[in-house]
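Open the model in your viewer and keep the selection panel at hand. The stops below go one at a time.

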Amino acid sequence: MSERPIKVLIAKPGLDGHDRGAKVLARGLRDEGFEVVYTGLRQTPEMIATAALQEDVDVVGLSILSGAHMTLLPKVTRLLRERGLDDVLVTAGGIIPDDDIPALREAGVAAVFGPGTTIAEVAAYFRSHVRPPEA
Amino acid sequence: MSEAGVRAAELADAAVAGDRRALARLLTAVENRTATAEVALRRLYPVTGRAHLVGITGAPGAGKSTLVAALIAEARLAGRAVAVVAVDPSSPITGGALLGDRVRMQAYASDDEVFIRSMASRGHAGGLAATSTAAATVLDAAGFDLVLLETVGTGQSEVEVAAAADTTVVLEAPDMGDEVQAIKAGLLEVADIVVVNKGDRPGAQRTAAQLRAMLSANGNPRPTAGAPGEAADHPRPKRPDVLVTTASTGEGVPALLAALDRHRAAGRDGLADGARLARAEAQVWEIVAERLRGRLHGPDAGEATASTLRAVADHRLDPYAAADLLLASLAGGRPRA
């Protein structure tokens, strides 16, 4: 069989209504050959963890522009861990100040992609950091 | 049993016992057609056949995902466990896919009795992924009473879902075409239930009336339970119920669930026996084709297969002769050293 595509969940936690970036990224990753589950706006951490579990994704990409990242992102990573999804790569993008990045990494967010990151860069990072596929 | 076989069996048992993480991983194995999946599916098959598999199909934008969400809500009111397999197309160019059906099905994140799985079609034509039926089998084994199979947005002839499902629902939007569209062969013919969705739009009732008139005007009596042999000489068209729903508000959805239940009950009395046989054939044929392909590209025959295909590509050999050659090479069965 051909190589298994990497499966990515793109979700927007919280209340900001700006999903252009998330949609452009979802579409761009599709064009890079990923299988992208797009769940839309206003996701609770609970919804994101459930979607990640049921879809058995390799990567969770969180887009957040509301400023609530220090509350919401650690909540997502904690829920994922509680459900046994500690091998899922969690990344974030949007408007996140550099000063917050160390604490987010501490909380289990593997990478933070700021404005100006290209889709090719995101794709390359995912390809080199996801868990190896099972036989 | 090998170590991998033991792990596969453990995964299958955990999925059946209610471990949702195990269920999700097993579905991934099924999608990737791994050795794990085969072991697990063989183990689970005897406990399947209990769920009601309902196919939901129709044109892009007709409201399939919204209707699925409304059906989940209605089934949960009745206390039934619901699973969804939602298929979206893979890119024929890059192999990537955008799976967007969950957007409308978010309300059940903390409800363990609802399980939603998106699948990319991965190059399979016909409206489903090649492994969608196997995925539904796994969800059946995991104890879900209602399993909804949502196809990609379909055109006129993606009728594969009818073989995969016990009951096939074809969704239409109001004013999608005139009466001639309703009497063309294809998708509408495989419907057990036709739903005109977006019932709050003008034209919905008129569309439903036209569909009722055209789909029941074929003069064939509705086949009756207890006379399963009658249709054997010549296949009879179905005479589907035509319902109107507004999935976004839930209007008409209780009546749809009731119609699904009636169709399921009728199926238990023998009407759906043909559907079950067709599904068995489709499943077995899929595996036969996969295994044939595996052998033809395997270490024994791979080179000969490649040169035969090259000959067809170069127009030195016609495709029929090539097929006969390949089949003969398998039948000859050069034994492995």
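Into which domains is chain B divided? Select 1–47 for domain 1, 48–218 + 236–269 for domain 2 and 285–332 for domain 3. These bounds come from an automatic or database domain assignment. Now place centres on domain 2 and domain 3 of chain B: taken over C-alpha atoms, they are 37 Å apart.

Before going on, some ground rules. This is a predicted model, in which local features need pLDDT of at least 70 and side-chain atom pairs count only at pLDDT 80 or more, while totals for chains, interfaces and linings use all residues. Residues are numbered from 1 along each chain as its sequence is written, with chains lettered from A and ligands numbered from 1 in the order in which they are written.

**Stop 1: the contact between the chains**

Select the residues in contact (C-beta atoms, placed from the backbone, within 7 Å). Chain A gives 30 residues and chain B gives 29. On the chain B side, α2 (20–31), β3 (97–99) and β4 (114–120) each supply at least two residues. Helices (H or I, at least four residues) and strands (E, at least two) are DSSP runs, numbered from the N terminus. The largest share, six residues, comes from α2(B). Colour the chain B side by type: twelve residues are nonpolar, eleven polar and six charged. Here Ala, Val, Leu, Ile, Met, Phe, Trp, Tyr, Cys and Pro count as nonpolar, Asp, Glu, Lys and Arg as charged, and the others, Gly among them, as polar.

Next, show β2 (residues 35–38) of chain A with β3(B). They pair (at least two DSSP bridges) in the parallel sense, over three bridges. Pick E35(A): its bridge partner in β3(B) is A97(B).

**Stop 2: strands in chain A**

Select β3 (residues 59–64) and β4 (residues 89–94) of chain A. Six bridges join these parallel strands. V59(A) has L89(A) as its bridge partner. Five of the six residues of β4(A) are buried (20 or more other C-beta atoms within 10 Å of their own C-beta, placed from the backbone; exposed means 12 or fewer, partly exposed in between).

**Stop 3: helix α8 of chain B**

Select residues 204–215 of chain B. Which residues of α8(B) are buried? They are A204(B), T207(B), L211(B) and L215(B). Turn to the face away from the buried side to find R206(B) and A213(B), both exposed.

Technical notes
Contact = placed C-beta atoms within 7 Å. Expected span 1.5 Å × (residues − 1).
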